[in-house]
Every structure is written in C-alpha cells, then in structure tokens.
Amino acid sequence: MELQDLLIVGAGLTGLSCAHSLSTSGKYLRIQIFEKSNGCGGRMATRRVGESKFDHGAQFIKASKESSKLIDLWQESKVACNFPSENFEAICGQSGMTQLAKIIAAKLNIKYNSKVIRLEKRLPYWLVFLEQGEPLLAEKIILTCPLPQSVQILRQSHIDFDQKLTGIRYHSSIVILAGFDSSLDSEMNYRENLNGDIFSICSQKAKGLSVQADYTIVMQHLWSANHFDKSDDEICWAIEKLLNKLFPKSGVLNLIVKKWRFASPEDTWERLYENVANGLYLAGDAFGGPSLNGALRSSNHLSDHLKSAADPFESEN
C-alpha cells in the first residue's frame, strides 16, 4: 500500500501553499494532494465566456507578509500584474486568478476528481479512504477544505474533535458575470459596498481579461442567502432589474450566475490551525481569516510548525 509523508485534502490556496512550502523543506518528500474537483485554486477561479475571461471568486490577493513569498514566485514566473486599485496594493493573474494557483501547483502531486470520505488511524499511520480508488497510508494529514466539509470527514471517521468547530458557519455568495454594452464609470474598476445588495463590482477589462465592458459582481451575504436556492433565471431577472436602476446609461447584454456555498467563514477559530489528533490537522480561512491572506496566514503557521517538528511521529497533543 502506498505511503505518503503528508496527505493534503483540498487544492485551494491553503492546501497548495502548505504543499509548496513543505516540499521545499526537505523533510516531507512524499506529499500527495487530493482534490475532489477537476481543477486547483478553490476561490482563485477564472472562467472563459466567449472571448472574455472572468475571475468569479477572489479578484486579487493583497500584498502582505503572508503573501510576499508567493508574490515573489508569481513575479519571477511573469504571471502577476498589479490590481487596478489606488486604495490598496494587490496583484492578480495576467490570465486570471487560476493562473496564479497553477503556478504553485506546477510541481506538486495532485490527484483531481478524488474525494476523501473517511480516515482511520492505523498506528503509526493514517489510512485514507477515497470515494473511488484504493486506500493509502499517510504519516500526517491536513484537511484544508471549507470547515463544514472537514467536519463531515471527521464525523464519518468517528474522530473526536472540539464540537465548537461546528459552530463556525459560512456565508454563501452569489456572483454575477455581467456584460454591458458600454463601460461603467472609472470608479467601477473596483468598488466595494456599492449598496445594500451589491458587495463588490470589478471590471475584468481593467484587469486585462476582457476587451469588452465585462464585470464580476459579488452580491451581499444577505442578498445571496435570500436568493441562493432560486433558479438562475429568477436571479438574473432580479439582478437585471437592479443593474438597470443603478446604471441606466449602460445596457445589460448578458448575465451568468455563479454560486459559492462556502464563500467565507462567518467567524474565525481561536487558533490559526487545529491539531485534532496526532498527525491530523485542520487549516484554512476559518482559522486564519476570511480572505486569501487569511488562508495563507493559517497555512504559513501550520507549515512552520511542521517544518520545526522534531520527529514525524512525535506526540503533539
């Protein structure tokens, strides 16, 4: 049976950055990432629509001590560009946010369309069961998927954990990919809290992803929650009515709906990662904060801990 030094569940930014950092440490030589979807990046998501591209999750990553090493990597790889805002320093991908995720993932061992459903302790290792395929062994495991999904794996594995973790819930989010017949005013390159219904609007043309008047519109949490279970047609009808009122000089050409069930945590855990059992960890934005930098904050602290651990089988509880 195949043995991994470290197995990571989830190829979002937390999982990718953990694997990238630890793979260069020389301590964890066999690192495997399992991702249930067919691509990496999580909220660093880009979609092509005709000749245009839309980032339909995170629009940027802010420059900070958490992101500095990855920003260096992206700049060295010549895929980073400055985000078009005068209010803060951030970068985005020349071809979209997914491009940034793919640069981190390039040298990592990732198995896509692979869903982890259960874990079992087989001293001194962990036995990992997949929805499809043979189980495998791992010395350490990091669950980086949205916390409700990680909790579900723990429950299915009959692993004891702090029940307060179940109290951290996530906001859902509805994102609209909108095409207009003319550009909105220059303030709409990026703007937050436009009104009580729209959280943010971002020009994809200003980011270099489109030559047309294309915008990604993120709806407020309450609006998203009230409309999440409605059909795309119902959501588009409500959005078009709202946009026609806000921007009467720019006609709406097309609307595409994207839904994120686990967009951002409502609360943050008291620690930057959680050591559930010997060799089993939880990490992600529920621990570091509701942003890409929050995900990196959790990832960086856990990576530092694992690099400094004296022995892979040491007692950590």
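This is a predicted model: local features need pLDDT of at least 70, side-chain atom pairs count only at pLDDT 80 or more; totals for chains, interfaces and linings use all residues.
**Notebook: helix α4, cysteines, cores**

I started with helix α4 (residues 147–156), where L147, Q149, S150, V151, I153 and L154 are buried, meaning under 20% relative accessible area with a 1.4 Å probe, protein chains only. Helices here are DSSP runs of H or I with at least four residues, strands are E runs of at least two, and both are numbered from the N terminus. Just past α4, I found H158 with a positive phi of about 55°.

Residues are numbered from 1 along each chain as its sequence is written, and side-chain values use heavy atoms, without hydrogens and water.

Next, the cysteines. I looked for disulfides (cysteine sulfur pairs within 2.5 Å) and got zero. C236 is in no disulfide either, with the nearest cysteine sulfur, that of C202, 19 Å away. I also checked burial: C18 has a relative accessible area of 0%, and C236 counts as buried at 17%.

Then the cores, i.e. buried Ala, Val, Leu, Ile, Met, Phe, Trp, Tyr and Cys joined through side-chain atoms within 4.5 Å. The largest nonpolar core has 43 residues, and I8, L13, L16, I33, M44, W74 and I142 have the most contacts inside it. Elements giving two or more residues to this core include β1 (3–9), α1 (13–23) and α8 (292–308). Apart from it I noted another core, of 29 residues, including V9, F34, V116 and W126.

Conventions
Buried means under 20% relative accessible area, exposed over 50%, partly exposed in between (1.4 Å probe, protein chains only).
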